[in-house]
Amino acid sequence: MHSPQAFLQRVSVDLAIDRHRVESGRARLIEHAGEAVLAAAATHTPEQATAHAQMLASISAVIDGLPPRCRDVFILHKLHEVPQEDIAERLGISRNMVARHVMRAMQDLRRLMDNDGQVP
């Protein structure tokens, strides 16, 4: 980059693109969750479909409850399949920090599964 202003504009564009990806990933997650609930309702008893819908709502609550940076990293990596190196570069954090964010999100989701779908 030739000037600080050009650099800042490029960083702003990259951050806007990342934010859009995170938000579209969240919308896609909700859309897929709704489709999964409908599919479950067609093949399962009403009790099973309700349990499935509650589990998806719990998963969504855990993801929404993550700190913003952790949530963004998790969505970029797991839903958009952006490599950790790229996320680190885009967000200006170390690859190790990206791995920590992903690990924290996965631990929270594991805790949910260990609690039979009840948000801890």
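Q: What share of the contacts in the protein with a separation of 6 or more comes from residues 24 or more positions apart?
A: The model is predicted: local features need pLDDT of at least 70, side-chain atom pairs count only at pLDDT 80 or more, and totals for chains, interfaces and linings use all residues. Numbering runs from 1 along each chain as its sequence is written, and side-chain values use heavy atoms, without hydrogens or water. Contact means heavy atoms within 4.5 Å. Of the contacts with a separation of 6 or more, residues 24 or more positions apart account for 60%.

Q: Which pattern does the protein follow along the sequence?
A: Helices (H or I, at least four residues) and strands (E, at least two) are DSSP runs, numbered from the N terminus. The protein has five helices and zero strands. Read along the sequence, the pattern is α-α-α-α-α.

Q: What percentage of the 120 residues is buried?
A: Buried means under 20% relative accessible area, exposed over 50%, and partly exposed in between (1.4 Å probe, protein chains only). Of the 120 residues, the buried ones make up 27%.

Q: Which residues touch the most other members of the largest nonpolar core?
A: A nonpolar core is a set of buried Ala, Val, Leu, Ile, Met, Phe, Trp, Tyr and Cys residues joined through side-chain atoms within 4.5 Å. The largest one has 18 residues, and its members with the most partners are Val73, Phe74 and Ile87. Elements that give two or more residues to this core are H2 (46-64), H3 (68-79), H4 and H5 (95-114).

Q: Why do the buried residues of H4 lie on the same side of the helix?
A: In H4 (residues 84-91), Gln84, Ile87, Ala88 and Leu91 are buried. The arc is taken from the directions from the helix axis to the C-beta atoms. They lie on the same side of H4 because they cover an arc of only 100 degrees.

Q: Which residues does Asp108 contact, leaving aside neighbours within four places in sequence?
A: Asp108 sits in helix H5. It counts as buried because its relative accessibility is 12%. Beyond those neighbours, Asp108 is in contact with Val62 and Leu66.
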